[in-house]
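Here is a note for a colleague opening this structure for the first time. Please read the points below with the model on screen.

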Amino acid sequence: MIDLPRHWYNILADLPTPPPPPLHPGTLKPVGPDDLAPLFPMELIAQEVSTDRFIEIPEDVLDIYRLWRPTPLIRARRLERALGTPARIYYKYEGVSPSGSHKPNTAVPQAYYNAKEGIKKLTTETGAGQWGSSLAFACAQFGLECEIWMVRSSYDQKPYRRTLMRVYGATVHASPSPVTEAGKKILAENPDSPGSLGIAISEAVEVAAASPDARYALGSVLNHVLLHQTVIGEEALRQLAELGETPDLIIGCTGGGSNFGGLVFPFLREKLQGKINPVIRAVEPAACPSFTRGTYAYDFGDTAGLTPLLKMHTLGHDFVPDPIHAGGLRYHGMSPLLSHVYELGLFEAVTRNQTECFEAGVRFARAEGIIPGPEPTHAIAETIAEALRCKETGEEKVILTALSGHGHFDLGAYDRYLSGELEDFTLPPERIAESLATLPKV
Ligand SMILES: *Cc1c(COP(=O)(O)O)cnc(C)c1O
């Protein structure tokens, strides 16, 4: 068994050019630490802009990581056999964490740095509830209060995720909510709004910015989040090396990009050094395709326009995706760091529809036993398609994917799939054009 990594890996140290900086929406100048101080603790702000290659993981964080890390790297032999493929499929299983996904990998250090700087409360948004339950767990570890805005469509679809957050001690609002100005404004225009991550972020940011001993925590997108998630890839590198395997293809699902970045950045480091040469592929939902149909531009991270402007692949901050069940992938933007790495041509991106993803999820569960969350079924659908391609060509490809979380709280969605009630949404180009028309002018 491998040891826990002692450092997070910062890919900024190894890129040929740095990503464009976040801009202040008023001045259009790069944001400085003072602009971010009302929202984040100083150590996270420092990590956000750091160019150090390795950042030490604090001992208190390692102690909590040890509850479930290192996570297993499992060869999907039964799935390989069921598919009749010569490919060798490995999945890094993040569902063994307390909340059932990779998200505590960053929730724990975020809560740790806030508590260390004397902060009393964290606010956040959550889509499917994975991030909210992870942050609620982390806050409980450090005695912090936790207030969460949960996207309305998920709040209604996933009542038990809400319960999990409350068990860990958090307060949960359906978003849009009547307790913030941003929420009231949306409700006045559309009382039945299904909500979106962009709206929920506006609400959580508004409340954190108004209180001196509260800060805001983001579960994806930002550099420090992807940094913390690199424990996934660092472990997978060592685990594959122990088995004497080298990946030919690495596949992950992308919402804001954190499990994908966390898995692939350590492998990209080795690739940039010429040691390995895997193809790297992101899979996004056809209903929310920021890499493949969005544009690379400065945009707000939220709907109300409270956040700094981020240069990223975006569908526009007004874009409200159709209510697919992979709530964690329903975000209009993409990590600016990952967007930059994509522009550098270091990985490719494809889309998948939700019914083919649930089909893949069921196939995976019947072979391997684990029920995947709706988000990683996107990576599994692509992995299965690739393994079937290998069956045609006889290629013994080594495929690595992240099973970013289990689907035990998503059985309602599986039930709808099995009853034939799930639909695929078509996303007409006009809808994207319409939301891109309101991009800020930079
Ligand atoms: C949140 C979530 C995702 C999507 O977020 P990323 O930041 O893109 O990783 C994927 N899988 C699971 C299980 C999630 O909870």
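1. A word on classes first. Ala, Val, Leu, Ile, Met, Phe, Trp, Tyr, Cys and Pro count as nonpolar, Asp, Glu, Lys and Arg as charged, and the others, Gly among them, as polar. By that scheme, the lining of the second largest cavity holds 5 nonpolar, 3 polar and 2 charged residues. Please keep in mind that this is a predicted model.

2. The second largest cavity itself. Its volume is about 50 Å³. The residues that line the second largest cavity are Pro285, Ala286, Ala287, Ile324, Arg352, Asn353, Gln354, His378, Asp424 and Phe425. Arg352 and Asp424 are its charged residues.

3. The cavity count. How many cavities of 30 Å³ or more are there? The count is 5. The largest cavity contains about 360 Å³ of space.

4. The lining of the largest cavity. It takes in 31 residues. Lying nearest the centre are Lys103, Gly219, Ser220, Gly256 and Gly328. By class, the lining of the largest cavity has 10 nonpolar, 18 polar and 3 charged residues.

5. Ser404 places a polar side-chain atom 2.7 Å from a nitrogen atom of the ligand. Asn259 also uses its side chain: a polar atom there is 2.8 Å from an oxygen atom of the ligand. Gly256 uses its backbone, with a polar atom 3.1 Å from an oxygen atom of the ligand. On its own, the ligand has 380 Å² of accessible area, and the protein covers 98% of that.

6. The largest pocket. It holds about 600 Å³ of space. The lining has 34 residues, and Pro22, Glu48, Leu222, Asn223 and Leu310 are the closest to the centre. At least two residues of this lining come from each of helix H1 (33–36), helix H2 (42–49), H10, helix H11 (223–243), strand E12 (309–314) and helix H14 (336–343). Which element gives the most to the lining of the largest pocket? H2 does, with 4 residues.

7. Domain 1 (11–58 + 103–221) and domain 2 (68–100 + 224–436) each supply at least three residues of the lining.

8. The second largest pocket. Its volume is about 210 Å³. Ile186, Glu189, Asn190, Ser193, Pro194, Ile199, Thr303, His317, Asp318 and Val320 form the lining. By class, these are 4 nonpolar, 4 polar and 2 charged residues. Here too, domain 1 (11–58 + 103–221) and domain 2 (68–100 + 224–436) each give at least three residues to the lining.

9. Backbone points to check. Most residues other than glycine have a negative phi, and most peptide bonds are trans. Which residues does a cis peptide bond with omega of about -5 degrees join? Arg69 and Pro70. Pro70 sits in the loop between helix H3 (59–65) and strand E3 (73–75). The peptide bond from Ser175 to Pro176 is cis too, with omega near 5 degrees. Pro176 is found in the loop between strand E7 (171–175) and helix H9 (181–189).

10. One phi value. Leu28 has phi near 60 degrees, which is positive although the residue is not glycine. Its place is in the loop between strand E1 (7–9) and H1.

Notes. Residues are numbered from 1 along each chain as its sequence is written. This is a predicted model: local features need pLDDT of at least 70, side-chain atom pairs count only at pLDDT 80 or more; totals for chains, interfaces and linings use all residues. Side-chain values use heavy atoms; hydrogens and water are left out. On a 1 Å grid over the protein atoms alone, a cavity is a set of points where a 1.4 Å probe fits but cannot get out, and a pocket is an open set with protein on both sides within 12 Å along at least five of seven lines; lining residues have an atom within 4 Å of a point. Grid points are joined across faces, edges and corners, and a volume is the space filled by probe spheres set on the points. A polar contact is a pair of N or O atoms within 3.5 Å; within protein, one must be able to donate a hydrogen and the other to accept it, and residues adjacent in sequence count only if both atoms are side-chain atoms. Accessible areas come from the Shrake-Rupley method with a 1.4 Å probe; for residues, only the protein chains shown count as cover. Domain bounds come from an automatic or database domain assignment.
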